[in-house]
Amino acid sequence: MTSEFAVEMRDVVKKFITPEGNEMAAVDHVTMQIKNGEFFSMLGSSGCGKTTSLRMVAGFEWPTEGEVYIEGKAMGHTPPFQRKVNTVFQNYALFQHLTVYQNLAFGLEMEGAKEDEIKKRVGRALEMVQLTGMDRRKPKQLSGGQQQRVALARALVKTPDVLLLDEPLGALDLKLRKEMQLELKALQQQLGITFIYVTHDQEEALTMSDRIAVMSKGKIQQLGTPVEIYERPNNKFVADFIGESNFLEGKIKSISQNEASVFVPSINAEVVGLPISKGLVKGEEVIVSIRPEKIHIAEKDSINQNMFRATVTNTVYIGVDTKVFVDVHGAKLKVWEQNRISRLDPKSFYSVGQEVWLMLLPENTIVLRKD
Amino acid sequence: MLQRLRESKSAQGTLLALPTTVWLFVLLIIPLILTAVVSFGRRSPDGNVIYTFTFENYTRLFGYSTNCANGQPSCFDPLYVNILGRSLSLAFNTTVLVISLAYPLAYFIARAHPKQRNMYLFMVLIPLWTNFVIRVYAWMMLLRKEGAINIIIGWIAHFLHIPFTPFEMLYTPGAVLVGMVYEFLPFMILPIYTSLEKIDLSLYEAAADLGANAVKTFLRVTLPLSMPGVVAGTILVFIPVMGTFIVSDILGGRQVILVGNLIQRQFLDARDPTFGSAASLILMVLTLIVTYFYTRKFGFGEEIVVA
């Protein structure tokens with residue numbers, strides 16, 4: 001490892017011609033640096049450019065503009081078979097005509113490895129993904145989860161510097177997926193190699209990643225740790241895409257160095273003492289964003305700051321939480337309350353039409369620029 | 001009755017299989033038995049079948065002859081064995097040539113842009129809209145001494161000031177081979193195309209990702225995965241080539257006699273259905289033996305047939 005960064009994308013643009021003949025930038029001036037040994041995720045809905053970015057690292061696509069660096073080396077038009085990265089494909093892309101053993105040996109034979117070395121390394125890789133003894137089976141004779149492990153082992157047996165994973169768990173059922181998430185993370189920590197993981201599943205990204213790039217429309221919306229992305233979203237898109245948020249439009253009424261008060265017309269009240277990011281000015285139109293689980297419901301006006309009177313319009317019990325929908329002077333807000341108490345007694349729920357007080361803690365409330 | 005049918009799965013199965021079974025019996029099993037019975041018979045002088053049980057037709061096919069030179073009672077006449085051998089080798093050569101022509105073409109079509117793919121397939125299929133015999137006659141026009149090929153070569157030779165005598169191409173084994181290859185090419189292109197087209201593009205990417213260049217990807221991934229198409233195509237080409245007589249009749253001009261011609265002539269010209277039947281059965285057995293060993297080694301290409 002010669003470079004600080006395992007993979008670097010510098011101002012990368014990838015344009016495609018749509019079937020209608022228009023030019024479309026699937027990846028639009030993306031710059032990111034992925035550190036050695038990092039578990040890095042690209043998160044976004046389909047068409048956001050995450051898979052195209054990954055494919056440019058793998059070498060299946062070449063950038064229209066900009067450059068991809070692997071271990072500090074500019075890749076240019078280097079074909080995939082000359083890059084020290086390996087891919088776990090979304091549909092696994094296993095060779096159906098070969099056995100599990102032959103699938104794993106394929107990459108090593110291409111390197112010109114000796115037969116006894118191949119045997120040793122394939123054995124170790126199979127052990128790593130807990131498939132010892134399955135080496136003579138054909139991929140079709142394996143379950144989806146096992147096929148997924150073969151695909152993983154086939155890439156890892158090459159001991160790449162960087163492992164690229166394109167929604168590798170997408171086809172698995174929820175329970176298996178959660179198991180595999182933890183396993184993948186453990187494997188990555190144990191091997192110490194860089195993982196670049198593409199997913200549309202935010203929980204998956206939050207569970208496994210050291211850092212996440214949230215992407216939309218070919219651009220990086222935010223790049224940061226899971227905590228940063230969830231607790232301090234950069235913009236309305238990220239706040240909306242990751243988890244859920246309540247948005248209230250307002251205007252900055254007063255501002256100091258690190259705090260602002262925002263007047264929100266829809267609830268006809270001022271939210272005060274909010275932490276702010278740089279560059280906001282007094283009088284600016286902003287969006288106040290708060291996560292539903294971070295709003296407290298109180299029955300009495302215990303403190304005066306940032307407490308608003310609201311009417312319960314509906315409650316939905318979903319096991320872990322109860323979703324409480326409220327109306328604050330016409331503004332609709334959602335509040336998630338964790339079911340720490342037993343809900344067997346119907347009286348433990350708020351009733352529709354009940355008057356409650358909402359409390360917004362300033363440190364949980366984010367001021368976002370309107371865009 | 002209806003009640004029983006509703007309850008019994010096996011009764012339902014029998015009923016559903018009935019039309020096919022009847023069909024097979026009337027059109028395959030019964031004619032086959034008739035052919036076998038006739039083949040053990042003897043031809044009467046006026047061309048009728050005398051039903052008896054004799055192996056005469058078979059021994060004659062394999063070279064036993066009583067019509068010998070220098071007064072011997074019996075001798076070996078290789079005439080019919082040669083015809084069988086010629087048919088086998090022609091079928092083999094045709095199949096090999098067809099594979100080597102069809103594979104690159106199928107590969108090209110399978111890798112072409114989806115929009116163009118259909119057009120190419122259409123072009124492969126268009127000749128099949130014309131009758132088989134007419135297409136063979138078209139080759140006659142191309143191959144004969146005053147045909148298109150000789151005319152064009154003549155022009156080129158004239159232009160280059162090279163003396164040129166037109167080639168004798170028609171009525172040669174080569175002409176028959178060309179005709180066979182042409183006739184059966186689509187039956188090889190289509191199955192190979194289907195098996196190539198079915199290969200997931202991500203497999204090529206996976207191979208490249210694991211370090212295989214284009215040549216290695218082809219040899220290790222593309223070729224093995226398209227083998228079912230080659231096998232299915234081989235069965236579709238080899239068996240009919242073994243039996244057809246039109247191509248050799250028209251392009252071979254009675255110079256190139258295959259089993260198919262032999263059978264046809266026994267029935268129509270020589271008026272010896274007993275010998276024709278024996279030749280038919282031998283052709284069938286020969287084809288079955290070759291197909292049996294071939295499919296035991298490579299399978300039926302069932303993956304492609306099922307898809």
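**Helix packing in chain B**

In α2(B), the residues T35(B), A36(B), V38(B) and S39(B) meet P273(B), T274(B), S277(B), A278(B), S280(B) and L281(B) of α13(B), where contact means C-beta atoms, placed from the backbone, within 7 Å. By class, this contact has five nonpolar, five polar and no charged residues (Ala, Val, Leu, Ile, Met, Phe, Trp, Tyr, Cys and Pro count as nonpolar, Asp, Glu, Lys and Arg as charged, and the others, Gly among them, as polar). This is a predicted model, in which local features need pLDDT of at least 70 and side-chain atom pairs count only at pLDDT 80 or more, while totals for chains, interfaces and linings use all residues. Residues are numbered from 1 along each chain as its sequence is written, and chains are lettered from A in the order in which they are written.

**Chain A**

- The secondary structure of chain A comes to eight helices and 20 strands (DSSP runs, H or I of at least four residues for helices and E of at least two for strands, numbered from the N terminus).
- Of the 371 residues in chain A, 37% are buried, meaning that 20 or more other C-beta atoms, placed from the backbone, lie within 10 Å of the residue's own.
- The C-alpha atoms of chain A fill a box of roughly 75 × 50 × 45 Å along the principal axes.

**Contact between the chains**

- Chain B gives 15 residues to the contact and chain A gives 17 residues.
- On the side of chain B that touches chain A, α9(B) gives the most, with six residues.

Key. Contact = placed C-beta atoms within 7 Å. Buried ≥ 20, exposed ≤ 12 C-beta atoms within 10 Å, placed from the backbone.
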